[in-house]
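Dear colleague,

Please find below the sequence and structure that I am handing over to you. My notes on what was found follow directly after them.

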Amino acid sequence: MTIVTSGGAARRPRRRRSGQREVGFGAFLASGPAAWRGQSGAATAAMLMVAVMMVLGGGIPGVLATLVVGAAALVLLACLPASGFGAALRAQPALFRIGLAGAALLPLLQIVPLPPSVWQGLPGQALRIRTLELAGLSASWQPLSVAPVFTAGAAVIAIAFAALVTVLLAVSVADLRRVAWMILGLVGVNFLIGLVQVGSGGAAFDFYTDSDRGAFIGLYANKNHAALILAASVPIAAYLLDSRREARATRAWLGLYAGLVAVALVTTNSRAGIVLGALALISTAILYVRSVRPAYLVAGAVAAIAGIVLISTTPAFEKVFSRFEVVDQDLRWQYLATSRWLVERYWTLGSGIGSFSTLYAIGEPLAVVRPTYVNQLHDEYPQLLIEAGLPGAFALLALLSGVVLQAAKVWRRGERAARLPLACGGLVLLLVALHSSVDYPLRRPAVLPIFALAIALVVRGDLVPTRRLVHREQRA
């Protein structure tokens, strides 16, 4: 059959090559159990995991949210064998594999019951021994964790994270981009919810009653986490929008998105978000500055200055800017000082992932006690040492060292097009690392998909972000 256009030219409809099929979510549901086989099925399971984590993981994971994450993790683990994950992991340094395995297994090991002769000899067990003696249970088997229920929940989320990273290393470039687009789409949904929250003064979509009402928080309980996700979405958008064919359109869309993020960051009322957002915007702009004409650079600079002047006159800017003047009065510095005894007591083997709030409440000085309780230390690094001890610190250092080693290898052998995903992913990792020094982003499941994607962008080395190559892969 031929099709005659208005100009008289005859065209034949394109035929789908054998073996080529749609792998979207709708096609996945229509194809039934067979869709779970192969890389595309694993990518669909990864998209399910991303949706669950980013929608339900904005606050402290409750029992229901943890169970849903666990169910999604089981689906992802079932798809893992067909994804070709073995070869993908073997391509990574041994340190990377050790760190990823440590992140998943350490919480599990902390909830394994130990005989009394073992757990009673561990550091920091004196209070627990006295408490169990009152109940007549001092001779019972107990896990290393002093809060095993919280540690068990953390184990579910850690396994889900490790499975997600593994799948993102193994799936095709096209499937990885689909997962990345879903992450960006969920950020967009969160963006719309945040705008309604700001516009309504917090009257609408108030999911967490103790949150910063009236600020841009979206689906999250913490404004700082909402701001981090906004900032991290900019380099992710830069990776997804990059295209040699449509360079001008790429810069235009990316510039528009960056401007929207800049405005939204002010309305989060987050000091850390403002700083991280500025770093993300400036660093992403540097990636493109060489390919932009001077006239466009001048126009962009003028637009940025005008936007800053306009935003600086709003009440939201005055509110967040005034918070920079009282940084030295922030309670997080007090938490660090009053939790030093926990580091000294548990730094060897840890007290169990998720046990910080329980232990801090026991030793919190009466002079600083408030109606609210301290749920996290607001600094990932000493809290990791408290809860996971030296094994946790080693797992983190091993994972990061493996990422750095693989990134150096990718950078040396890659062209500019292959280096852009590395730069975008590395920027996201830097944002998370910096934010972890003043907050606890990795304690919330909603941040983990972005962290997992960033790792994949850095270490894969095959992510040439051009539509031409993506289309070529789809036609193969």
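**Aromatic pairs**

A search of the whole structure finds three aromatic pairs; rings of Phe, Tyr and Trp (its six-membered ring) pair if their centres lie within 6.5 Å, and planes under 30 degrees apart count as stacked, over 60 as edge-to-face and the rest as tilted. One of them is the stacked pair of Phe161 and Phe451, with 5.8 Å from centre to centre and 20° between the planes. Phe161 belongs to helix α8 (residues 148-170) and Phe451 to helix α20, so this pair ties together parts that are 290 residues apart in sequence. Helices (H or I, at least four residues) and strands (E, at least two) are DSSP runs, numbered from the N terminus. Phe161 and Phe451 are both buried, where buried means under 20% relative accessible area, exposed over 50% and partly exposed in between (1.4 Å probe, protein chains only).

Another pair, Phe191 with Phe216, is edge-to-face, at 5.8 Å centre to centre and 65° between the planes. Since Phe191 lies in helix α9 (residues 173-199) and Phe216 in the loop between α9 and α10, the pair ties together parts that are 25 residues apart in sequence. Phe191 and Phe216 are buried.

Residues are numbered from 1 along each chain as its sequence is written, and side-chain values use heavy atoms, with hydrogens and water left out.

The mean pLDDT (the predictor's confidence in each residue, from 0 to 100) of the chain is 80, and 75% of its residues reach 70 or more. Confidence is highest in helix α20 (residues 448-459), at a mean of 96, and lowest in strand β1 (residues 3-4), at 40. Over residues 1-36 pLDDT stays under 50, and the model has 28 contacts beyond four places in sequence for them; contact means heavy atoms within 4.5 Å. Residues 324-329 also stay under 50, with seven such contacts. Where pLDDT is low, the predicted coordinates should not be read in detail.

Helix α8 has 23 residues and spans 33 Å from its first C-alpha to its last, close to the 33 Å expected at 1.5 Å a residue; the expected span is 1.5 Å times one less than the number of residues. Of its 23 residues, 17 are buried, so α8 is largely enclosed by the rest of the structure. Thr166 is located in helix α8 and is buried, with a relative accessible area of 7%. Leaving aside neighbours within four places in sequence, Thr166 is in contact with Leu80, Phe85, Leu89 and Leu100.

Helix α9 has 27 residues and reaches 39 Å from first C-alpha to last, close to the expected 39 Å. Just after α9, Gly201 takes a positive phi of about 70°.

**The nonpolar cores**

A nonpolar core is a set of buried Ala, Val, Leu, Ile, Met, Phe, Trp, Tyr and Cys residues joined through side-chain atoms within 4.5 Å. Among the 94 residues of the largest one, Met49, Phe96, Leu176 and Ile455 touch the most other members. Helix α10 (residues 223-241) gives the most to this core, with 14 residues. A second, separate core of nine residues includes Tyr335, Leu359, Leu377 and Ile386.

Yours sincerely
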